[in-house]
Amino acid sequence: MTAKEYLQQLHRADVIINQRIQEKADLQLRLSSVGGFDYTKERVQTSLSVGARYEREVVKILELENEIDCLIDNYVDLKHKIIGEIHELQNSKYIEILYKRYVEEKRLEEVAVEMNYTFQYVILLHGYALKEFSEKHSIYFQCCSDV
């Protein structure tokens, strides 16, 4: 894993949380919709439980809520950890660039505008910042080359 991949974990975790929230919203919408009934067919009494589908979907929603809570807790912990690791760098420009890029999830073009630097300079600083981060936290980025 590279320093960049390590820092991008925040974005990935955020995407997963948002997808689970959307999945829960879709289930809730489906649960609140009224199903149709075909009155043209002959009525036959069945032994299916009327609330079975409803109950399964409510259980699924509750499971998703628990999963979302757990994902959010893990995200908050990871975010706090990564922010702390970024703040351990010595160069304040590196700290600002990595924070804006990976914590605030801004594009490097936006970072350049906010910092009043050229885009090329921000790209250069970003590379140096990732290198320093990788060196500072080398335990995360050791390559397994036991050949």
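Over the ring of which residue does the charged end of R101 sit? The charged end of R101 sits over the ring of Y102, 5.4 Å from its centre, where sitting over a ring requires NZ of Lys or CZ of Arg within 6 Å of the ring centre and within 35 degrees of the ring normal.

This is a predicted model, in which local features need pLDDT of at least 70 and side-chain atom pairs count only at pLDDT 80 or more, while totals for chains, interfaces and linings use all residues. Residues are numbered from 1 along each chain as its sequence is written, and side-chain values use heavy atoms, without hydrogens and water.

The axes of helix α2 (residues 9-32) and helix α3 (residues 52-87) come within 9 Å and cross at roughly 160 degrees, and the two helices are therefore roughly antiparallel (an angle over 145 degrees). In the contact of α2 with α3 there are 17 nonpolar, 2 polar and 11 charged residues.

Two residues other than glycine have a positive phi: E105, at about 55 degrees, lies in the loop between α4 (92-103) and α5 (108-115), whereas N116, near 60 degrees, is found in the loop between α5 and α6 (119-136). The table gives relative accessibility, with buried meaning under 20%, exposed over 50% and partly exposed in between (1.4 Å probe, protein chains only).

| Residue | Relative accessibility | Class |
|---|---|---|
| E105 | 29% | partly exposed |
| N116 | 71% | exposed |
| Y117 | 26% | partly exposed |
| Y121 | 30% | partly exposed |

Methods. Axes fitted to C-alpha atoms, helices over the stretch in contact; angles between N-to-C directions. Helix = DSSP H or I, 4+ residues; strand = E, 2+ residues; numbered from the N terminus. Parallel < 35°, antiparallel > 145°, perpendicular 65-115°, else oblique. Nonpolar A, V, L, I, M, F, W, Y, C, P; charged D, E, K, R; others polar.
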